[in-house]
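Keep the 3D view open as you read.

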Amino acid sequence: MAAEPARPAGDSHVGGPRRVARVVLLDPRDRILLLHGHEPDDPADDWWFTPGGGLEGDETREQAALRELAEETGITEVELGPVLWRRQCSFPFAGRRWDQDEWYYLARTTRTATGATALTELERRSVAGVRWWTYPELARAHETVYPTRLAELLRTLLEEGPPAGPVTLDTEIV
């Protein structure tokens with residue numbers, strides 16, 4: 001029987017899908033902040049994704065969203081809004097399969113300067129930077145972006161505002 005892969009430092013996940021809180025962070029110009037990630041040993045295998053990560057200990061998803069945002073971007077001056085979307089996903093990364101239950105929170109900030117303050121060792125090896133994207137830029141992007149319908153979801157959010165309750169996105173298995 002194969003040994004269970006080691007969990008990343010700080011990840012207290014045990015059994016079932018990993019519980020994740022993500023942040024759809026918008027600035028005053030309605031640009032969304034995305035992180036540029038890649039496989040630790042293959043920078044050419046890259047994608048863009050929203051800030052966020054797994055819950056630690058007994059923290060709530062809201063607490064995890066704010067902590068992860070601060071750690072990955074240095075941004076703490078945010079107004080955390082409602083859960084916009086929920087998504088189940090499964091993907092290979094860093095030599096293991098990640099099964100996640102993700103909740104996406106809306107947040108707004110007036111601060112656009114970023115600077116990671118507490119990346120894990122794995123994040124230091126796999127996060128190449130951050131970028132603010134407009135909806136048109138995201139809609140035209142040829143890069144891989146997760147969730148895969150993010151441009152469409154952002155357009156709906158900007159045109160209609162937050163949904164009355166969280167929208168369940170299609171399961172994504174990579």
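This is a predicted model, and its pLDDT averages 87 over the protein, with 89% of the residues scoring at least 70. Confidence is highest in helix 4 (residues 150–160), at a mean of 97, and lowest in helix 2 (residues 121–126), at 70. Please take care with residues 1–13, where the pLDDT is below 50. Beyond near neighbours in sequence, that stretch has 19 contacts in the model. Where pLDDT is low, the predicted coordinates should not be read in detail.

Now turn to the interior. In soluble globular proteins, nonpolar side chains tend to be buried together. Here the largest nonpolar core has 18 residues, and Val-24, Ile-32, Leu-34, Trp-85 and Leu-138 are those with the most contacts inside it. At least two residues of this core come from each of strand 1 (18–26), strand 2 (32–39), strand 5 (78–93), strand 6 (96–109) and helix 4. Helix 4 gives the largest share, 5 residues.

For a closer look, pick out Leu-138 in your viewer. Leaving aside neighbours within four places in sequence, Leu-138 is in contact with Ile-32, Leu-34, Trp-133, Val-145, Leu-150, Ala-151 and Leu-154.

Next come the charged pairs. The whole structure holds 14 salt bridges. In one of them, Asp-27 pairs with Arg-31, and the closest N and O atoms are 2.6 Å apart. Asp-27 counts as buried because its relative accessibility is 1%, and Arg-31 is also buried, at 15%.

Which residue forms a salt bridge with Arg-87? The partner is Glu-172, with the closest N and O atoms 2.9 Å apart. Arg-87 sits in strand 5 and Glu-172 in strand 10 (residues 172–173), so this pair ties together parts that are 85 residues apart in sequence. Arg-87 is buried, at 5% relative accessible area, and Glu-172 is buried at 12% relative accessibility.

Finally, find Arg-67, whose salt bridge with Glu-56 has its closest N and O atoms 3.4 Å apart. Arg-67 belongs to helix 1 (residues 61–73), while Glu-56 is in the loop between strand 4 (52–54) and helix 1, so the pair links parts 11 residues apart in sequence. Arg-67 is buried at 16% relative accessibility, whereas Glu-56, at 31%, is partly exposed. Both residues belong to a network of salt bridges that also takes in Glu-59, Glu-68 and Glu-71.

Conventions. Residues are numbered from 1 along each chain as its sequence is written. This is a predicted model: local features need pLDDT of at least 70, side-chain atom pairs count only at pLDDT 80 or more; totals for chains, interfaces and linings use all residues. Side-chain values use heavy atoms; hydrogens and water are left out. pLDDT is the predictor's confidence in each residue, from 0 to 100. Helices (H or I, at least four residues) and strands (E, at least two) are DSSP runs, numbered from the N terminus. Contact means heavy atoms within 4.5 Å. A nonpolar core is a set of buried Ala, Val, Leu, Ile, Met, Phe, Trp, Tyr and Cys residues joined through side-chain atoms within 4.5 Å. Buried means under 20% relative accessible area, exposed over 50%, partly exposed in between (1.4 Å probe, protein chains only). A salt bridge is a side-chain nitrogen of Lys or Arg within 4 Å of a carboxyl oxygen of Asp or Glu.
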